[in-house]
Amino acid sequence: MAARGRRVVLGVTGSIAAYKACEVVRGLLKAGCEVRCVLTPAGAQFVTPMSLAALSRNPVAQNLHDPALWEMAHLSLASWAQLVMIAPATADFIARLAHGRAEGLLDALVLSTRAPVAVCPAMDAEMWEHPATKANAARLKDLGYRVWGPDKGELASGKVGWGRLLEPGEIVKRCLAAK
Ligand SMILES: Cc1cc2nc3c(=O)[nH]c(=O)nc-3n(C[C@H](O)[C@H](O)[C@H](O)COP(=O)(O)O)c2cc1C
């Protein structure tokens with residue numbers, strides 16, 4: 001799949017690292033990709049839909065049950081995407097994916113798509129190292145999702161450990177290289 005013109009759905013969930021999604025969008029656009037962002041309600045507490053819309057030059061989808069949309073956004077975006085990437089992905093979102101949940105737009109979209117799905121975790125080290133999160137991340141790999149990161153480094157809490165979102169440039173690079 002050529003990088004130029006690649007259609008990427010970027011899901012942004014409620015992590016303190018959500019602001020870095022703006023850099024990911026910029027990098028993908030610079031590389032010639034088309035990007036459509038989907039925000040969870042918690043994600044919208046950390047980064048505004050306006051920023052993501054302006055940077056991606058596309059509307060941002062947020063609601064699964066939106067009476068203004070005659071088209072079902074989770075299905076239309078799921079079939080539009082050539083790659084679905086969730087960056088950052090919270091512990092809760094990873095748990096929902098591991099269990100095939102579909103109560104939110106982004107959750108339902110991931111279940112509906114046949115495009116490759118990449119998940120970039122971001123959380124505090126204790127959350128990442130919890131056996132429940134470890135088991136959920138392993139389950140994602142079993143289900144065929146790619147799990148990119150996390151990195152070890154300085155975390156929002158000030159501690160150093162595993163759980164840091166991959167650098168935006170690295171996420172873009174993996175996205176462009178993804179088959
Ligand atoms: C200030 C703050 C920062 C947070 N950062 C993270 C984070 O980096 N990773 C994470 O897994 N959860 C984090 N959370 C918790 C999530 O926001 C919470 O689990 C939320 O329900 C996730 O929803 P979503 O996965 O639907 O976006 C944070 C919460 C707060 C209040």
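This is a predicted model: local features need pLDDT of at least 70, side-chain atom pairs count only at pLDDT 80 or more; totals for chains, interfaces and linings use all residues.
**View 1. Cys120 and its contacts from elsewhere in the sequence.** Skip the neighbours within four places in sequence, and Cys120 still contacts Met85, Ile86, Ala87, Pro88 and Ala89, among others. Also on its contact list are Trp148, Gly149, Leu165, Leu166 and Ile171.

**View 2. Helix α7, with a buried side and an exposed one.** The helix covers residues 131-142, and its 12 residues should span 16 Å at 1.5 Å a residue; the end C-alpha atoms do sit 16 Å apart, so the two agree. Thr133, Asn136 and Ala137 are the buried residues of α7. Looking down the axis of α7, these fall within an arc of 100°, so they line one face of the helix. Covering the buried residues of α7 are, among others, α4 (91-98), β4 (117-121), α6 (125-129) and β5 (146-147). On the face turned away sit the exposed Pro131, Lys134, Ala135, Ala138, Lys141 and Asp142. Just past α7, Gly144 takes a positive phi of about 100°.

**View 3. The shell around the ligand.** Out of 15 residues here, Thr13, Gly14, Ser15, Ala42 and Thr90 come nearest to the ligand. Helix α4 supplies the largest share of the shell, 3 residues. By type, the shell splits into 8 nonpolar, 6 polar and 1 charged.

Technical notes. Residues are numbered from 1 along each chain as its sequence is written. Two residues are in contact if their C-beta atoms, placed from the backbone, lie within 7 Å. Helices (H or I, at least four residues) and strands (E, at least two) are DSSP runs, numbered from the N terminus. The expected span of a helix is 1.5 Å times one less than its number of residues. A residue is buried if 20 or more other C-beta atoms lie within 10 Å of its own, exposed if 12 or fewer, and partly exposed in between; C-beta atoms are placed from the backbone. The arc is that of the directions from the helix axis to the C-beta atoms. A residue is near a molecule or strand if its C-beta atom, placed from the backbone, lies within 6 Å of it. Ala, Val, Leu, Ile, Met, Phe, Trp, Tyr, Cys and Pro count as nonpolar, Asp, Glu, Lys and Arg as charged, and the others, Gly among them, as polar.
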